[in-house]
Amino acid sequence: MADIQETPTLAEGDMEMEGGSENPVDLEGEDDDGAAVPPTQDPEEDAKPAIGNPQTRFLDYLRSPMIQLNIGSGDDTAVISAHRAILTQSPYFAERLTDGVSNADEPDEDLDAMGCFLQYQYTGEYFPRRLANQPDGLEHDPSVPAIDSTGDQLLKHAKVYTLAEKLGLPELQSLAHSKIHRINSTAIGEIAYARYVYSRSSADDVTIRKPVAAFWATRSHVLRHEAEAEFKAMCLEYPQFGFDVLSLVLDAREKRQREREDVSAPSGTPASGKGRKRMRPSVNV
């Protein structure tokens, strides 16, 4: 998806990522004269970050109680922990982690995506980070190949995107979406990614769906030969995908036709559309 440039609903790559969340906790930490208020001593109450000093605010996050997160189900369950004040910056967790709740089960979530969410909450980014000196690049990850032939790298960021949507974190969504378009992948990888997008995203989420359809609409004549069986299976499994791709192909064809007609029309004369009539059978009454 590295060379697709779409204009999504969420701005790509233009967010200030400092602070670790789009909804910094805005709780009282100073009095009217600017004097620091001592942190709460109640272990059951969230730490209340001080206004002003980012370091003080971050330390107050760390003073909040620890929450146990159970990710996955059965033998695949993994247990991780995070500070309540960090988690409750997410509206989803703010609603779930009411007073006295010290753990949360997330049986359907991906452990790596949850780890990326927590890394973002604590640091303002997640690995691999975007590079300031390479607008279209990500920092090198020696554990993965340069070309994503399986779709795993695309899926990593797609899972962060869908998790961020669930958690109510639009800036993390935007960050994950921008990273998707910095991955170099093969046709097989793109199909794996398209299948995930059309199975996990809502039908009206054009931010992530439209670039997928546009990618195949502009390259299907080449890429489908590299993954013809997979492309066909995808169209049969998700008819909306095939429809979206076909719609964009036809839109592009109509646009080229209008441009040719505008060029060939005499100067000062509006180009006349050449509609094609459907033949009607004659009926003898």
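Mentor: Let us begin with a definition: the expected span of a helix is 1.5 Å times one less than its number of residues. Please bear in mind throughout that this is a predicted model.

Trainee: How many residues has α10, and what does it reach from its first C-alpha to its last?

Mentor: Helix α10 has 26 residues, and from first C-alpha to last it reaches 38 Å, close to the expected 38 Å. The same reading applies to helix α5, residues 152–167: its 16 residues should span 22 Å, and its end C-alpha atoms are 22 Å apart, which agrees. Just after α5, Gly168 takes a positive phi of about 75 degrees.

Trainee: How should I read the sides of a helix?

Mentor: An α-helix has 3.6 residues a turn, so residues three or four places apart point the same way. In α10, the buried residues are Phe241, Asp244, Val245 and Glu261. The buried residues of α5 include Leu154, His157, Ala158, Tyr161 and Leu167.

Trainee: Which residues form a nonpolar patch on the surface?

Mentor: The patch is formed by Leu246, Val249 and Leu250, which together have about 230 Å² of accessible area. Leu246 has its place in helix α10, residues 239–264. With a relative accessible area of 47%, Leu246 is partly exposed, whereas Phe241, at 0%, counts as buried.

Trainee: That brings me to aromatic rings. How is a pair of them described?

Mentor: A pair of aromatic rings is described by the distance of the centres and the angle of the planes. Centres within 6.5 Å make a pair, and planes over 60 degrees apart count as edge-to-face. The count by this rule comes to 6 aromatic pairs. In one of them, the ring centres of Tyr198 and Phe241 are 5.5 Å apart and the planes stand at 80 degrees, so the pair is edge-to-face. This pair links distant parts of the chain, for Tyr198 is in helix α7 (residues 187–200) and Phe241 in helix α10, 43 residues apart. Both Tyr198 and Phe241 are buried.

Trainee: What are the distance and the angle for Phe231 and Phe241?

Mentor: Phe231 and Phe241 are 6.0 Å apart centre to centre, with 70 degrees between the planes, and this aromatic pair is edge-to-face. Phe231 lies in helix α9 (residues 228–237) and Phe241 in helix α10, so the pair ties together parts that are 10 residues apart in sequence. Phe231 counts as buried, its relative accessibility being 14%. One aromatic cluster is formed by Tyr198, Phe215, Trp216, Phe231 and Phe241.

Trainee: May we turn to charged side chains?

Mentor: Side chains of opposite charge can pair when their charged atoms come close. For a salt bridge, the nitrogen of Lys or Arg must be within 4 Å of a carboxyl oxygen of Asp or Glu. By this rule there are 10 salt bridges. Among them, Glu109 and Lys166 meet through their side chains at 2.8 Å, N to O. Glu109 is in the loop between β3 and α4, and Lys166 is in helix α5, so that pair links parts of the chain 57 residues apart. Glu109 counts as buried at 15% relative accessibility, while Lys166, at 32%, is partly exposed.

Trainee: Which residues are linked with Glu109 and Lys166 in a network of salt bridges?

Mentor: Arg96 and Glu106 are linked with Glu109 and Lys166 in that network.

Trainee: How, finally, should I read a strand? Which face of β3 is covered, and which uncovered?

Mentor: Strand β3, residues 103–106, has Ala104 and Glu106 on its covered face and Asn103 and Asp105 on its uncovered one. Strand β1 (residues 66–71) is joined to β3 by 4 bridges, and the two run parallel. Opposite Ala104 in β3 stands Leu69.

Note on methods. Residues are numbered from 1 along each chain as its sequence is written. Side-chain values use heavy atoms; hydrogens and water are left out. Patches are made of residues with over 30% relative accessible area and no salt bridge: like charges are joined within 9 Å, nonpolar side chains (Val, Leu, Ile, Met, Phe, Trp, Tyr) within 5 Å. Accessible areas come from the Shrake-Rupley method with a 1.4 Å probe; for residues, only the protein chains shown count as cover. Buried means under 20% relative accessible area, exposed over 50%, partly exposed in between (1.4 Å probe, protein chains only). Two strands pair if DSSP finds at least two bridges between them. Rings of Phe, Tyr and Trp (its six-membered ring) pair if their centres lie within 6.5 Å; planes under 30 degrees apart count as stacked, over 60 as edge-to-face and the rest as tilted.
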